[in-house]
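User: Please take one part of this protein and look at it closely. I would like to know how it sits among its neighbours.

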Amino acid sequence: MARFRRKTCFAAITLTSFVFVITVILKYFTPEDNGFSNTFGLGFLPVIRKMDKDNIKVESESKKDSNAPKTMTKGTAEEKTKNLELVLQRLPEPNYNMHAFYYTWYGNPQFDGKYIHWDHPLLPHWDPKVASNYPNGRHSPPDDIGANFYPALGAYSSRDPSVIEAHMQQLRTASIAVSWYPPGKHDENGDSTDDILPLLLDVAHKYQVKVAFHIEPFKGRDDRSMFDSVKYIMEKYGKHPAFYKYERTPGDVLPLFYVYDSYLQSPDTWAKLLKKTEEGSIRNTPYDGIFVALLVEEKHKRDILAAGFDGVYTYFATNGFSYGSSQNNWPAIKAFCNEHNLIFIPSVGPGYVDTSIRPWNYRNTRNRINGKYYETSLRAALETKPPIISITSFNEWHEGTQIESAVPKTGSQGAYSDYLPLKPNFYLEITSRWAKKFEEEQEKWLQLTK
């Protein structure tokens, strides 16, 4: 009997030790952070992370049967609503006066039948002698993509509903300015993407994100085609609750359009669209808006004024690259805008590197310096007391200006850059912090003018 008790005691101790060891092992492999502990709800992102000692491979949850994040796919409508409310509570409050440039030109075989933009070609230098010293060809996704960093969502498709869901969660802190081409038109490396907009707007509204339009220099763009394009946007998307409008003065609320590479058309061409005195002008029509031109060179200030634009933005994230992107010129540009009743929208970015597609362009690389470059840019923008700050960019991966989450990755071309030792969502956190600071500063400026 005593021997039996000793055996029983020994068995109990052995069982307890086994349970303890298993518990420790499970604890070790359980992530410390879940979706609710993360400021941006990244625990809800549709991403599976597979880790080994040499690499981190990222696969989209879209490879599974469901295209929506897990948090949104189960339960009754009431449960989904409550679940969404919980997610929104964990996300930062949006500041609609911060606009992140957003690109919908990415594709992969599952959603698009092929890779789009991730397979970006290597662009040759304009000098043949210089070009001969560098490689050519195209990138070969998914391990080899046209970017110096690797997205946490992998080589995703902009059509993937789960990707849009994830992006709108990450972008909750700001509005977006979506890159736009008219139906059937696209950049030289992509496909038409206007059909993505209905879903994008719906998901944006779900997360209380507003969507402005960043009109690209499509083939045949002139005053008439621009009128038709704005008319199309307004009639198709203008009544959507996520469609961005800006109140320039009390009661004067109009949609805002960024016009990329506006200098490609002459001031006279733009004046036909934007001057009230011109026949066929868009002014005082149901399609009127606030049109913001890209300022690159100093001479563009006068051209923009003559053209009848309502404001300027600087876009480029490379400080010193151009007159407009040089932060020490922003006070003078703001003074010019104040003098002529124009909106000044400085563009800030976390850094710049495009050597994955322009291997000869090291000169324009701007190191992120663990977020210091971004914060310095934001501070310089804030000092000009602008009505709006734009961010270059949320996901322009080719030029390394993205604030979207990135992860360490080793591909066929070697190791990608990453945000380490910082977290994958570090630049989203900076954006959230400065969006709040920007809102607080604007309230102070408003009080001073009363």
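Analyst: Two strands count as paired if DSSP finds at least two bridges between them. Strands are DSSP runs of E with at least two residues, helices are runs of H or I with at least four, and both are numbered from the N terminus. The model is predicted, so local features need pLDDT of at least 70 and side-chain atom pairs 80 or more, while totals for chains, interfaces and linings use all residues. Residues are numbered from 1 along each chain as its sequence is written, and side-chain values use heavy atoms, without hydrogens or water.

On one side of the pairing is strand 4 (residues 174–180), which runs parallel to strand 3 and is joined to it by five bridges. Strand 3 also pairs with strand 12 (residues 389–391), again in the parallel sense, over three bridges. Ala100 takes part in both pairings: its bridge partner in strand 4 is Ile176, and in strand 12 it is Ile391.

Among contacts (heavy atoms within 4.5 Å) between residues at least 6 apart in sequence, 71% join residues at least 24 apart.
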